[in-house]
Amino acid sequence: MIERLQISHLRNLSQVNLPATACNVIIGANGSGKTSLLEAIFLLSRGKSFRHHQPKRYIQHHQDNATVHAKLSDSSTLAIQKQADATTILRLNQTTVYNQSILTEQLPTLLIDPSTMDMLEQGSASRRQLLDWLVFHMKQGFHPQWVAYQRLLRQRNSLLKKSRHLTQVQLAELKAWDKGLSNHAALIHHYRERIFSEWQPYFAQSIAQLLPTYAEQLSLSYSAGYDTNVALDVQLNERLEQDLQLGYTRIGNHRADIHVHWRSSEPLAMHEGQLTKSTKVEGDVHTKLPVLKEQAANVLSRGEKKLLITALRLSQLPLLLNTEKGTDNSNNDFKSRVTPVVLLDDITAELDDRAIEILLSTLAQLPCQVFMTSLTEDIVPLVNKFWSEPNMFHVKQGQISSAQ
């Protein structure tokens, strides 16, 4: 858990020195700097911003760099400095480290903000990252496999873009890369599939709270991005001509996805040879089990989609924090648990009062730290209902002051 947060030259936050507790509420108008504070925490944890990937876009004007420093409750310290040319300096306990994953392990962050509310309609990347966030923090062996796979994939795609006709030397090189991709892909799929299976019941519980009407109709499925019954290198070889024409690799772990399905609860009826919906059985109407299955994004309203996406993210925390999963009889690749930080940006604009209360109630019962922003103080009574001593701050033109 973050005990103190220091930010320098990030957007309009020139110098911030903020004490933190289990729940921290930042209140301010649009453009005041409240979202930038959440952005700083995310940057420290992930090494990138959730608003813009180019550092020069969030480094304060006329400044060479932006810095975020945090002291954690176990007295360890984390720091990141981003320069305009994207050069990054990382430190753990005042010692320079060279992999962002080291800081990510120490400070897992879960973001719920307006930009994530279109996850169901966007491409597969954001949904895949949702699963990989869990796998990274729960499976020790996942990240090295993922890094190696991404490196080989970049090499393969670079070669595919060079020419539509490869030399024998290039083909041999490609074959070696494909074999490596296949080996890494099998392990990555194993980790993903296992964590996805464990995630399912937590998602069901979260849906029962946030969307009880659809508790029996919504379900998750995981697709690996390729046929896992056949070695990936075999499939890549079969599709090589098409990949050369397109200039990129079309199948593999990088095409994995999480799907949310909606199944009709209305019985389907067969009457005079026509398949129709029917809510009751009369005469010669013969009912069947529901078979109408659809992507949830095509059925739910925008408000319901927001609740569904909130359920997806919220359901990850109990799984991550379940200490009973801290050991495994078959292997020792489970990671030790650390306190996750949940970043809630302007949730009152995205969720209704009932959903907000369920969200805050759930978070208050979990050993996690919360930073939330709000345009007004309307959220304060609800926060006080679930946390006894939350920190309240006002932010105005980049200046943060205590509201106590």
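I began with burial, where buried means under 20% relative accessible area, exposed over 50% and partly exposed in between, with a 1.4 Å probe and protein chains only. On that basis, buried residues make up 51% of the 404 residues in the protein.

I noted that this is a predicted model, in which local features need pLDDT of at least 70 and side-chain atom pairs count only at pLDDT 80 or more, while totals for chains, interfaces and linings use all residues. Residues are numbered from 1 along each chain as its sequence is written, and side-chain values use heavy atoms, with hydrogens and water left out.

**Whole protein.** I found 12 helices and 18 strands, taken as DSSP runs numbered from the N terminus (H or I of at least four residues for helices, E of at least two for strands). The accessible surface is about 19,500 Å², and 48% of it belongs to carbon and sulfur atoms; such areas come from the Shrake-Rupley method with a 1.4 Å probe. Of the contacts (heavy atoms within 4.5 Å) between residues at least 6 apart in sequence, 70% join residues at least 24 apart.

**Helix α5 against helix α6.** I looked up α5 (residues 142-162) and read an angle of about 150 degrees to α6, with the axes 9 Å apart; the axes are lines fitted to C-alpha atoms over the stretch in contact, and angles run from 0 to 180 degrees between N-to-C directions. The pair therefore counts as roughly antiparallel, given that the term covers angles over 145 degrees, with under 35 roughly parallel, 65 to 115 roughly perpendicular and the rest oblique. The contact of α5 with α6 divides into 14 nonpolar, 5 polar and 4 charged residues.

**Helix α6 against helix α9.** I then followed α6 (residues 168-210) to α9 (residues 302-314), where the axes come within 8 Å and cross at roughly 140 degrees, which makes α6 oblique to α9. On the α6 side, Trp199, Phe203, Ser206, Ile207 and Leu210 meet Leu307, Leu308, Thr310, Ala311, Leu312 and Leu314 of α9. By class, this contact has 9 nonpolar, 2 polar and no charged residues.

**His394.** Is His394 buried, partly exposed or exposed? I read 30% relative accessibility, so His394 counts as partly exposed, and I placed this residue in strand β17 (residues 391-396). Leaving out residues up to four places away in sequence, His394 touches Ile27, Glu377, Gln399, Ile400, Ser401 and Ala403. His394 and Ser32 lie 362 residues apart in sequence, yet 9.4 Å apart in space, C-alpha to C-alpha.

Conventions
Nonpolar A, V, L, I, M, F, W, Y, C, P; charged D, E, K, R; others polar.
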